[in-house]
Every structure is written in structure tokens, then in C-alpha cells.
Amino acid sequence: MRAPAPAPASRNAAARRAALEAVLGDPREAGNPLGDAAVLAADHRGELPLGGEPLLASFALHEDFVPREYGGRLAGLDEAAVLLRAVFRRDAALGRGYGSASLAAALHVWCYGTEEQRKRTARALLAGERIAGGRAAEDGLTATPGGRLAALRLTGRTAALVNAPRATGFVVVPRHTGPDGESVLLLHRDDLPARAVVQLSPYDVTVPRRIPAGELVLQDWPVPAGAVIGEAGDGQWVTRRVSQVRHALVPSMAVGCADSALRTVLTAVLAERGGVRGLRSRVTRRLVAGAFADLLAADCLSLVALRSLHLMPERSSIWSAAARYLGLRLLQEGVGDLLTVLGTDSMRGDDGLGVFHKQVRDLAALPPGPAGSAAALATLLPQLPTLARRSWTAQGRAAGEELFLPDGPVPPLNSARLKLAAADDGVTVLLAQARDGVPGLPAQDWPAALPDELAVLREQCRRLPELDPAALANPRAFALAERYALLAAAAACLGVFQTARHTGRGGFLAEPAWLLTALARIGVRLGLPVTAPGAAAGEDVLLAEAVRRCRAARTFDLYDTALGAPARPREKG
């Protein structure tokens with residue numbers, strides 16, 4: 001199949017989102033194949049929504065997973081994540097099965113593949129095909145040195161791979177039988193032996209629900225020439241850097257799940273149906289505003305993590321790890337609080353509340369999970385002593401405004417600049433520079449306890465030994481990494497607010513209410529007394545904005561996009 005022509009580089013990200021929303025349609029419409037009713041019915045059947053993938057294919061969403069230089073539309077990972085977020089807002093399984101699983105696997109090729117590997121992967125994705133795999137150290141698959149005609153021979157079976165039964169390409173990471181570690185391989189279905197791809201039962205506990213999955217089973221199979229991504233034996237070097245990119249995508253896409261959950265509950269609140277607490281309840285007002293603030297905070301942290309991969313790749317490891325650990329947690333806690341709002345209807349699945357429960361399940365099923373969260377903190381922890389010595393003071397150099405600008409342009413991803421440890425921190429330093437207040441915020445409302453907490457954290461981390469793996473075994477050190485992640489989220493919110501005010505195009509994001517509420521909730525998680533005199537008024541403003549967006553069918557994230565909106569006609573020239 002011939003690859004479609006690439007979109008012009010000037011295509012506006014907001015227009016692309018509006019066009020996707022027009023294809024996805026209004027989730028409230030009963031006849032919409034990706035509406036709430038259709039997605040819930042598919043969820044009950046244990047299937048993907050009927051017609052969902054063809055609908056996304058008609059929009060050519062798969063072109064957004066291929067860099068522009070290879071014929072696709074991918075420019076910034078933040079743009080790709082927000083497009084997938086729109087699909088996750090309807091159904092996380094559809095978003096993962098159609099897009100994010102292939103994008104995550106293809107990132108190994110875009111970052112460290114050869115020119116031929118990139119061209120072949122681009123042809124497959126632009127033709128609407130799937131790429132499966134990409135998990136580090138595949139369970140049970142080993143590589144042994146081959147003869148003169150084959151560098152490696154594979155034996156064993158992989159772990160469950162999303163989309164394996166229908167994939168044309170596979171990224172696998174077998175362990176070497178010798179001392180050479182592991183390698184990353186790009187395999188093609190046409191080269192594999194017959195029956196090498198085994199489809200797994202949907203009832204297998206290792207298989208993600210409602211998404212086709214399988215495994216590769218090989219026996220002394222010679223790996224074709226040109227299959228290694230990077231160098232043989234450098235698998236850990238490659239996967240750790242690619243994981244830094246992959247992990248930043250998940251919390252951004254998960255914002256879509258929390259968005260739908262909040263909308264479902266707020267719709268029930270406004271309708272005052274059944275046992276749901278109405279807006280006259282102070283508890284309802286506080287929890288809805290809090291869930292909205294948590295969603296915005298998670299989006300700010302995800303925005304910084306994704307844009308830093310393009311703008312500051314040498315320092316992106318800290319923000320990627322912070323977003324991996326904290327982003328999903330903020331969303332889960334905010335959405336979980338909404339169960340109180342539902343009151344006696346909290347267990348009902350009818351009357352529209354089934355969407356809420358489905359999104360709660362989807363959020364719980366997304367990575368990182370407990371092990372991944374611990375791994376994220378373990379990534380942060382060794383970097384903290386260096387950052388405490390070199391950053392986190394008012395004299396530090398802050399990141400530029402482009403890092404905090406939704407829809408701002410970014411350069412192509414330069415994987416050669418990705419580092420596993422950052423030399424300094426231009427985001428959290430914003431808190432240190434705001435110790436005496438922030439322009440645009442009343443002095444009595446600014447939570448000065450947050451900069452003070454950063455100063456305390458700096459002194460504690462300065463006492464940690466640098467580059468000492470033994471620190472990873474200390475629970476107190478892990479607590480320091482968790483506190484850093486929360487302060488990084490607070491700084492990301494502050495950066496978005498300041499940029500919105502300075503550029504003059506932030507709208508609601510330039511108003512103090514959302515920032516103060518988000519910082520107050522982060523402060524609570526840190527155990528700080530950050531309640532400001534204007535906190536109640538700020539929650540009222542945040543609640544009014546949430547109600548406006550709900551009634552107007554607009555998203556709750558940083559982008560405030562119309563749901564199911566018709567795409568605006570493109571300007572000529």
C-alpha cells in the first residue's frame with residue numbers, strides 16, 4: 001500500500017485536535033459508534049468498540065506516530081499524546097490497541113534505529129499496520145551467538161505483546177546467554193517461521209483486557225542481518241533511554257480517562273439525579289474543584305516532561321520520572337474522591353454512571369503500577385544529591401517559557417542528547433525564585449510553605465552521597481524522591497501559569513484560582529499548611545469553570561477543546 005502524502009508542516013495542532021474530535025463525535029449521542037453507550041456496550045462484551053479502529057484509520061491517526069521526515073505528521077510528542085488522549089477519553093483500550101502500543105514500540109526505531117529500519121517502520125505504520133513489543137528483557141527469550149551467517153539465534157518465548165496477532169513488526173529485547181547483556185531487535189513477520197506468533201486467550205491474566213495479544217515462540221531461530229537496533233549487547237543502554245521517552249506519554253494520555261470521569265460525575269451533579277450530592281453541598285463543590293485542579297496539575301507535569309524531551313533532552317530524565325510516578329496518582333486520587341459526590345449512587349452503572357466506573361477501571365489498569373512507581377522513584381533518587389548541590393536556589397537558571405507552552409513548537413527529538421541523569425533542574429528552581437511571591441498573585445494567597453519545603457529538601461538531599469547505589473535501599477531516601485516529584489508538579493503548574501500571563505494568550509490558565517487550588521492540594525500531600533485566605537473563593541472560580549466546560553461539552557485539560565466539534569475549514573495558502 002502506498003503511504004499517504006505527509007501533512008504540511010504548518011498544520012496547526014489545535015486544528016488537528018478539532019478535526020479528530022469531529023471524527024470521534026459527541027460522546028453523548030446514542031448513535032455514535034464511539035459514544036458512551038457504544039463504548040460501554042463493547043466493554044461489557046469484552047471487545048473493542050465496533051467501527052472504532054476503522055474510524056481512526058479514516059482520520060489517519062497512525063500518521064501521527066511517524067516523524068515528518070519519514071512521511072508522517074509527528075513533530076512533538078506532546079501533540080501526539082494529546083491526540084491519543086482524545087481516544088483515551090472515549091476508551092483506553094481503543095487508544096492503546098490502535099495507537100499508543102505501536103508508538104511506544106516504534107520509539108526504539110525512531111531513537112536508535114538505522115535509516116533502513118526507520119524507513120521500513122514508517123512504511124508499515126503509514127499503511128495502518130501495527131508494531132508490537134518494546135518491553136525490556138522479554139521473559140524467557142534468550143539470544144545465543146550464532147554461526148558465520150547469523151550473529152544471534154533466538155530461543156524461548158516473549159511475554160505477552162499487545163497487538164502481536166495482527167502486528168507486522170516486533171521489537172523484542174532478549175537476554176544474551178553470555179556476559180553481553182541484552183539486545184534490542186526489530187523483527188518482521190515475513191521473516192519469522194510459521195506459527196511463531198501465538199495468540200493468547202483473552203482470559204489469560206497477562207493479557208490486557210479487550211486488546212488482541214500474543215507471544216513469539218522461537219527455537220534456535222537465526223536473527224536476520226540488520227535486525228539489531230543500536231549495537232548488539234547494548235539493549236539496556238537503548239531501552240533505558242527509550243523508556244525515558246515512553247514513560248512520559250502514559251500520564252498525558254491518562255488525562256483523557258480522568259476527564260471523562262469528571263464530566264460524568266459533574267453531569268450527574270448538575271442533573272441532581274438520585275442520591276448524587278448537588279452543587280449546594282459544600283463537599284461536592286470542594287471535591288469537584290479538587291479533582292479539576294488535580295487533573296490540571298497532572299497535565300502541567302506531563303506537558304513539561306514531554307516538551308523537555310525535545311527542548312532539554314539532557315535534563316528530561318528527572319521530569320519524565322516525576323511524571324511517571326506522580327501523574328497517574330494525581331488523576332486516580334482526584335477521580336477517587338468523586339465517589340463521595342455520588343453518594344448512594346456510587347455503585348450504580350446505569351443513568352450514565354457506567355462511564356465513570358469504566359474510566360476508574362481504565363485508570364487503575366494503566367502503568368506504571370506499584371513496581372513501575374518504585375522504579376520511577378529509583379530513577380529520581382540518585383540524581384537528587386547532584387541537583388541539590390547545583391540547583392533549587394533563587395540563583396539557579398530557570399527553564400524558558402517554551403517548556404510550559406501548550407501547542408508551542410518544538411525541535412525534532414534528538415535521541416543522541418538524552419541523558420540518564422540531569423546536571424541541573426530548571427523547573428523546580430521556579431519555586432525557589434518565588435519565595436517572596438509571584439506577580440499576579442495576592443501576597444497573602446501565595447503558599448510560601450512550598451519554597452520553604454524545597455529549601456528543606458535541598459538541605460536533606462545535599463547530605464546524601466552522590467552516585468551511591470546503597471541509598472536506593474533506604475526508605476527515607478525514597479520519601480525524599482516522592483517529595484521532589486510533588487514539588488516538581490507544583491513548579492510545573494507555576495511555570496504554566498506564569499507563561500500564560502506573560503504571553504497574554506492563556507485565558508483561564510492565566511487566572512490564579514486554578515494555580516492556588518492545585519498548589520494547595522499538592523501542599524496537603526506534602527503535609528504543609530498552605531491554605532490561603534482566598535482558597536474558598538478560588539475553589540468557587542474553579543468550580544464555575546468546570547461547570548462551564550461541562551455544559552459546553554469542552555475538555556477539562558490545559559487545551560479546553562470542544563468535544564465532538566466540527567473541524568474549522570482550513571485556510572487557503
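Student: Is aspartate 259 buried or exposed?
Tutor: This is a predicted model, in which local features need pLDDT of at least 70 and side-chain atom pairs count only at pLDDT 80 or more, while totals for chains, interfaces and linings use all residues. Residues are numbered from 1 along each chain as its sequence is written, and side-chain values use heavy atoms, with hydrogens and water left out. Buried means under 20% relative accessible area, exposed over 50%, and partly exposed in between (1.4 Å probe, protein chains only). Aspartate 259 has a relative accessible area of 0%, so the residue is buried.

Student: Which helix holds aspartate 259?
Tutor: Helices are DSSP runs of H or I with at least four residues, numbered from the N terminus. Aspartate 259 falls within residues 235-271, which is helix H7.

Student: At what distance does the side chain of aspartate 259 reach the backbone nitrogen of phenylalanine 556?
Tutor: A polar contact is a pair of N or O atoms within 3.5 Å; within protein, one must be able to donate a hydrogen and the other to accept it, and residues adjacent in sequence count only if both atoms are side-chain atoms. The side chains of aspartate 259 and arginine 263 are joined by such a contact of 2.6 Å. Using contact for heavy atoms within 4.5 Å, aspartate 259 also touches Arg89, Leu295, Thr555, Phe556 and Asp557, leaving aside residues up to four places away in sequence. The distance from the aspartate 259 side chain to the backbone nitrogen of phenylalanine 556 is 2.7 Å.

Student: How many aromatic pairs are there?
Tutor: Rings of Phe, Tyr and Trp (its six-membered ring) pair if their centres lie within 6.5 Å; planes under 30 degrees apart count as stacked, over 60 as edge-to-face and the rest as tilted. By this rule the number of aromatic pairs is five.

Student: Why is the pair of phenylalanine 292 and phenylalanine 508 called stacked, and which parts of the chain does the pair tie together?
Tutor: The ring centres of phenylalanine 292 and phenylalanine 508 are 6.1 Å apart and the planes lie at 5°, so the pair counts as stacked. Phenylalanine 292 is in helix H8 (residues 282-311) and phenylalanine 508 in the loop between helix H15 (475-503) and helix H16 (512-526), so the parts tied together are 216 residues apart in sequence.

Student: Which residues form one aromatic cluster?
Tutor: Phenylalanine 292 and phenylalanine 556 make an edge-to-face pair, 5.6 Å centre to centre with 70° between the planes. That pair links helix H8 to the segment after helix H17 (535-551), 264 residues apart. Phenylalanine 292 and phenylalanine 556 are both buried, and phenylalanine 508 is buried too, with a relative accessible area of 11%. The cluster consists of Phe292, Phe508 and Phe556.

Student: How are H1 and H4 oriented to each other?
Tutor: Axes are lines fitted to C-alpha atoms, for helices over the stretch in contact, and angles run from 0 to 180 degrees between N-to-C directions. Helix H1 (residues 13-24) and helix H4 (residues 77-90) pack at about 20°, with axes 10 Å apart. Angles under 35 degrees count as roughly parallel, over 145 as roughly antiparallel, 65 to 115 as roughly perpendicular and the rest as oblique. H1 and H4 are therefore roughly parallel.

Technical notes: Helices (H or I, at least four residues) and strands (E, at least two) are DSSP runs, numbered from the N terminus.
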